[in-house]
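Trainee: I am new to this structure and would like to learn how to read it. Could we go through it together, one feature at a time?

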Amino acid sequence: MKKKQYTIIFSLIAAILIIDQVVKIWVKTHFYIGEDIPLIGEWCRLHFVENQGFAFGMSVGGHIGKIFLSVFRLVASGALLWYLLHLVKKGVRTPLVICLTLIFVGAVGNLIDSCFYGLIFNESLYNVAQLFPPEGGYAPLLQGRVVDMFYFPLFEFDWPQWMPWIGGTHFLFFSAIFNVADAAITIGAFWLIAYFLLEDAKKRKAKKLEESK
């Protein structure tokens with residue numbers, strides 16, 4: 001079982017990291033910031049943006065905040081990998097291993113951008129970026145920006161004027177722009193919540209059965 005779980009962990013890490021970085025590098029070297037093309041109709045689009053901080057475009061302020069976030073990601077990723085391998089040694093179930101692996105590899109995928117993209121790319125503001133430009137990158141170590149590109153504006157509408165507070169405002173679902181690493185973190189987190197809810201339900205059911213005997 002442990003050998004199988006180790007295979008799952010490192011296969012998932014390799015596959016997701018490769019896909020995540022290939023997509024990001026392709027977008028970075030073929031699009032300028034703000035460029036947008038449809039993938040499947042108007043509801044599934046590739047829209048290139050970069051963000052300074054957390055997943056789905058959330059950010060922290062300033063040079064110091066960016067360094068703190070990158071260092072925090074590095075430490076947290078290392079701690080999560082240690083915990084994941086520790087759980088495998090304890091013989092936990094495979095679904096929990098997969099959940100944590102998805103969260104870990106997603107964090108590492110965005111960490112690579114934050115640590116190194118400023119060093120290996122030039123700016124994408126008005127032109128397509130170059131990989132390893134002769135003049136150097138756009139930012140020092142730990143100051144890179146995370147590349148996002150997947151955009152799913154599934155539907156939008158204006159709230160009725162009579163509604164308090166939000167009346168007349170425009171609503172767009174789903175407005176976040178994300179990458180493969182963000183998707184891995186989100187899937188892993190929701191799967192983890194579902195896993196613990198199911199485990200709790202099983203324990204409650206088993207307890208009721210014991211009490212009814």
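Trainee: Leaving aside its neighbours within four places in sequence, which residues is Ser-114 in contact with?

Mentor: Before that, please keep in mind that this is a predicted model, in which local features need pLDDT of at least 70 and side-chain atom pairs count only at pLDDT 80 or more, while totals for chains, interfaces and linings use all residues. Residues are numbered from 1 along each chain as its sequence is written, and side-chain values use heavy atoms, with hydrogens and water left out. Contact means heavy atoms within 4.5 Å, and on that basis Ser-114 is in contact with Lys-66, Ser-70, Arg-73, Leu-142, Gln-143, Gly-144 and Val-146.

Trainee: Is Ser-114 buried or exposed?

Mentor: A residue is called buried under 20% relative accessible area, exposed over 50%, and partly exposed in between, using a 1.4 Å probe and protein chains only. Ser-114 lies in helix 3, which spans residues 94–120, and Ser-114 counts as buried because its relative accessible area is 0%. In the chain, buried residues make up 38% of the 213 residues.

Trainee: How many helices and strands does the chain have?

Mentor: Helices (H or I, at least four residues) and strands (E, at least two) are DSSP runs, numbered from the N terminus. The chain has four helices and six strands, and from the N terminus on these elements run α-β-β-α-α-β-β-β-β-α.

Trainee: What is the order of the strands in the open sheet?

Mentor: Two strands pair if DSSP finds at least two bridges between them. The open sheet of four strands has the order 1-2-3-6, with antiparallel pairing. Its edge strands, each pairing on one side only, are strand 1 (36–40) and strand 6 (177–178). Strand 2 (residues 44–51) and strand 3 (residues 146–151) run antiparallel and are joined by five bridges; Val-49 has Asp-148 in strand 3 as its bridge partner.

Trainee: Which residues touch the most other members of the largest nonpolar core?

Mentor: A nonpolar core is a set of buried Ala, Val, Leu, Ile, Met, Phe, Trp, Tyr and Cys residues joined through side-chain atoms within 4.5 Å. In the largest one, which has 23 residues, they are Leu-96 and Leu-100. Helix 1 (2–28), helix 2 (62–90), helix 3 and helix 4 (180–212) each supply at least two residues of this core, and helix 3 gives the most, with 10 residues. Not counting residues up to four places away in sequence, Leu-100 touches Leu-80, Tyr-83, Leu-84, Leu-87 and Leu-192.
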